[in-house]
Amino acid sequence: MSQYGNAWMMKRYSLSSSGNFSVREDNEEFNTAGLARFYYGKALENAKTEKFKALCLRMQGRCENYRLDYHQEEAIDYFYPEEGYEEARLQKNKYYQDLAGSYGDQYADMMSGCDSFASYFKARR
């Protein structure tokens, strides 16, 4: 239910989820997906398979990217980001670094897109 989720309108009402600044106490959580990152961490703690652990780390990393963007001091031009911006953000993201270190053979698959996520999710049991 963050700005980036499919159910953002459960917390805010507007024409879109972007630019929804609010004085509500959950504004930072809404814009950084901190609660989702917490629950992906709980899923990681209880994961039984290596594939599902990799998926949990990948999803924590995605939430961490939102936090890094939210707390970046200078404005980001999303249409024309600075050269090297993506690589620098990946280096700052501890979850992606953990994913690369612990699941290096699956890292490229996990970072290339979400097409493979279904097989990782099914591997949770």
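**Stop 1: Asn 65**

Select Asn 65, which is buried, with a relative accessible area of 10%. The cut-off for buried is under 20%, so Asn 65 qualifies. Keep in mind that this is a predicted model. Asn 65 sits in helix 3. Now show its contacts, leaving out residues up to four places away in sequence.

**Stop 2: the whole chain**

Zoom out and colour by secondary structure. The chain has seven helices and zero strands. Read from the N terminus, the order of elements is α-α-α-α-α-α-α. Next, colour by accessibility. Of the 125 residues, 38% count as buried. Then turn to contacts between residues at least 6 apart in sequence: 52% of them join residues at least 24 apart.

**Stop 3: helix 3**

Select residues 50-70, which form helix 3. How far apart are its end C-alpha atoms? They are 30 Å apart. At 1.5 Å a residue, the 21 residues of helix 3 should span 30 Å, so the two values agree. Now look at what surrounds the helix. Of its 21 residues, 15 are buried, so helix 3 is largely enclosed by the rest of the structure.

**Stop 4**

Is Glu 64 buried or exposed? Glu 64 is buried, with a relative accessible area of 5%. Glu 64 and Arg 67 are three residues apart in helix 3, so about one helical turn separates them. Arg 67 is partly exposed, at 26% relative accessible area.

Salt bridges with shared partners join Arg 37, Glu 64 and Arg 67 into one network. The side chains of Arg 37 and Glu 64 form a salt bridge at 3.6 Å, N to O. This pair links distant parts of the chain: Arg 37 belongs to helix 2 (residues 34-46), Glu 64 to helix 3, and they are 27 residues apart. Both Arg 37 and Glu 64 are buried.

**Stop 5**

Select Glu 45 and Lys 42. Their side chains meet in a salt bridge at 3.7 Å, N to O. The two residues are three apart in helix 2, so they are separated by about one helical turn. Glu 45 counts as exposed, at 60% relative accessibility. Lys 42 is partly exposed, with a relative accessible area of 35%. A search of the whole structure finds four salt bridges.

**Stop 5: the largest nonpolar core**

Select Leu 55, Leu 99 and Met 110. In the largest nonpolar core, which has 13 residues, these three touch the most other members. Which elements give two or more residues to this core? They are helix 3, helix 5 (94-102) and helix 7 (117-122). Helix 3 gives the most, with six residues.

Now centre on Leu 99 alone. Leave aside its neighbours within four places in sequence. Leu 99 is then in contact with Ala 54, Leu 57, Arg 58, Gly 104, Tyr 107, Met 110 and Met 111.

**Stop 6: helix 5**

Select residues 94-102, which make up helix 5. Pick out Tyr 95, Tyr 96 and Leu 99, which are buried. Look down the axis. These residues cover an arc of only 100° around it, which puts them on the same side of helix 5.

Move to the N-terminal end of the helix. What caps it? Asn 93 does: a side-chain oxygen of Asn 93 lies 3.1 Å from the backbone nitrogen of Tyr 95.

**Stop 7: His 71**

Finish in a loop. His 71 lies between helix 3 and helix 4 (85-92). His 71 counts as partly exposed, at 39% relative accessibility. Glu 28 and His 71 are 43 residues apart along the chain, yet their C-alpha atoms are separated by 9.6 Å.

How values were computed. Residues are numbered from 1 along each chain as its sequence is written. This is a predicted model: local features need pLDDT of at least 70, side-chain atom pairs count only at pLDDT 80 or more; totals for chains, interfaces and linings use all residues. Side-chain values use heavy atoms; hydrogens and water are left out. Helices (H or I, at least four residues) and strands (E, at least two) are DSSP runs, numbered from the N terminus. Buried means under 20% relative accessible area, exposed over 50%, partly exposed in between (1.4 Å probe, protein chains only). Contact means heavy atoms within 4.5 Å. A nonpolar core is a set of buried Ala, Val, Leu, Ile, Met, Phe, Trp, Tyr and Cys residues joined through side-chain atoms within 4.5 Å. The expected span of a helix is 1.5 Å times one less than its number of residues. The arc is that of the directions from the helix axis to the C-beta atoms. A polar contact is a pair of N or O atoms within 3.5 Å; within protein, one must be able to donate a hydrogen and the other to accept it, and residues adjacent in sequence count only if both atoms are side-chain atoms.
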